[in-house]
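Reader: I am new to this structure and would like a guided tour. Could we begin with the charged pairs and then move on to other parts?

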Amino acid sequence: MAKPSVLSGIQPTADSFHIGNYFGALRQWVSMQETHDCFYSVVDLHAITSEFDPKVLKKRTLTSFAQLLAVGIDTNKSTIFVQSQVPQHAQLAWVLSCFTGFGEAGRMTQFKDKTQKGGQERSSVGLFTYPILQAADILLYQAQSVPVGEDQRQHLELTRDLATRFNNQFGKTFIVPEAFIVKESAKILDLQDPSAKMSKSSPQGCVFILDEPEVVMKKFKTALTDSGKEIKYDPVNKPGVSNLLGIIKAITSEEMSLIESQFVNKGYGDLKTYTGELVVEKIIKPFREKTLSLLGNEKELSTLMTQGAQKAEKVAANTLRNVYEKVGF
Ligand code: TRP
């Protein structure tokens, strides 16, 4: 039997992915390769919905693609591609936009959040229709499962609604996908502010995969910890310490009690150093080196991109052809 299919996407909007991206999403992408037919996309079309610089975008797209390979996405198992290289995404998005209510799109909370600062007047229409493009990403590949964070739940609901609406009107055309929401427990927090999720917008508290090992150690050594000195997992009263313990657990998969027991009679400083070294050894060094070596061979990288896009386009073209016929093109 064919494996169930999966699609997910990540925006090339940072110079490097961070360990929160890795534990919260990319690691699941890697493991799903064994059980699913996976399509993973660097969604550069989405990346131009907010302010951007073309040169920076190009570099980030390349780096993102290299990082996906470096963390273990395998082109022999999965299809990995850059969204703008597969024209069907924009084409299907247009058709779907004609099946989306204006009010329906207007209820997307992420759009409202993202426009809160600059105001809607200064936001692009592309940012408004962003979720429709995301629906096209998913529906083109007949994905059954879409691994995403909790913040994408509403976009997945819209995708399901659009698929169902289209199917009801034209007969079965799309698989109605399920969101596969990655567990909150994998959430890594800001090292400087453990009340917030780790994010590139707070670089001092964020450990980037492309950070140099010394920089990573420094970020861990200056991590904000809590009052008291006992090292135990207690996210409410000890968010800083718990975040570090959580990072250890994310890497070693040991029981928390076992991890805690290793720090009896030790201080916060020991915990920080230990966590930093573990992250450097298990994550930063291998992924960083692999990424840099891939980026050192741009020709090879661009061949992989082209091959990925061709593989993706075969599937996407099938779906789009069907859609075009059904709507009378
Ligand atoms: N909106 C997603 C995010 O910000 C990125 C994305 C674009 C995506 N297209 C997708 C995720 C399709 C899953 C499936 O995380």
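Predicted model: local features only at pLDDT ≥ 70, side-chain atom pairs only at ≥ 80, totals over all residues.

Reader: Is Asp15 buried or exposed?

Author: Asp15 counts as exposed, because its relative accessibility is 53% and the exposed class begins over 50%.

Reader: Which residue does Lys77 meet in a salt bridge?

Author: The side chain of Lys77 meets that of Glu34, at 2.9 Å from N to O. This pair links distant parts of the chain, 43 residues apart: Lys77 sits in the loop between α3 and β3 (79-82), and Glu34 in the loop between α1 and β2. Lys77 is partly exposed at 37% relative accessibility, and Glu34 is partly exposed at 47%.

Reader: And which residues are linked in a network of salt bridges?

Author: Glu157, Arg160 and Glu178 are linked in such a network. Elsewhere, Arg153 and Glu150 form a salt bridge of 2.9 Å, N to O. Arg153 is partly exposed, with a relative accessible area of 40%, and Glu150 is also partly exposed, at 37%.

Reader: Let us change topic. Into which domains is the protein chain divided?

Author: Domain 1 covers 5-186 + 298-327, and domain 2 covers 203-293. The contact between them takes 13 residues from domain 1 and 15 residues from domain 2. Their C-alpha centres lie 31 Å apart.

Reader: What area do domain 1 and domain 2 bury between them?

Author: They bury about 1,200 Å², and 78% of that is on carbon and sulfur atoms. On the side of domain 1, Ile19, Phe23 and Ala70 supply 42% of the area buried against domain 2, more than any other three residues. Between the two domains, the count of salt bridges is zero.

Reader: You mentioned Ile19 and Phe23. Which residues of α1 are buried?

Author: The buried residues of α1 are Ile19, Gly20, Tyr22, Phe23, Leu26, Gln28, Trp29 and Met32. Helix α1 also has a kink of about 45°, centred on Ala25.

Reader: What span should helix α1 have?

Author: At 1.5 Å a residue, its 14 residues (19-32) should span 20 Å. The C-alpha atoms at its ends are 18 Å apart, which agrees with that expectation.

Reader: Where does Val42 lie?

Author: Val42 lies in strand β2 (residues 37-42). Val42 is buried, because its relative accessible area is 0% and the buried class is under 20%. Leaving aside residues up to four places away in sequence, Val42 touches Ile10, Pro12, Thr61, Ser64, Phe65, Leu68, Phe81, Val82 and Gln83. The C-alpha atoms of Val42 and Gln11 are separated by 5.8 Å, although the two residues are 31 apart along the chain.

Reader: What about Ser8: buried or exposed?

Author: Ser8 counts as buried, at 2% relative accessibility. Ser8 is placed in strand β1 (residues 5-10). With residues up to four places away in sequence not counted, Ser8 touches Trp29, Phe39, Tyr40, Ser41, Pro147 and Val148.

Reader: One last topic, the backbone. What phi does Ser253 have?

Author: Ser253 has a positive phi of about 60°, although it is not a glycine. Most residues other than glycine have a negative phi. Ser253 is in the loop between α10 (239-252) and α11 (256-261), and it is exposed, with a relative accessible area of 60%.

Reader: And where is Asn265 found?

Author: Asn265 is found in the loop between α11 and α12. Phi of Asn265 is near 65°, a positive value in a residue other than glycine. At 79% relative accessibility, Asn265 counts as exposed.

Terms used
Residues numbered from 1 in each chain as written. Heavy atoms only, no water. Helix = DSSP H or I, 4+ residues; strand = E, 2+ residues; numbered from the N terminus. Expected span 1.5 Å × (residues − 1). Bend = angle between axes of the 7 residues up to and from the residue. Buried < 20%, exposed > 50% of the residue type's maximum accessible area, 1.4 Å probe, protein only. Domains from an automatic or database assignment. Contact = heavy atoms within 4.5 Å. Buried area = accessible area lost by both parts, 1.4 Å probe. Salt bridge = Lys/Arg side-chain N within 4 Å of Asp/Glu carboxyl O.
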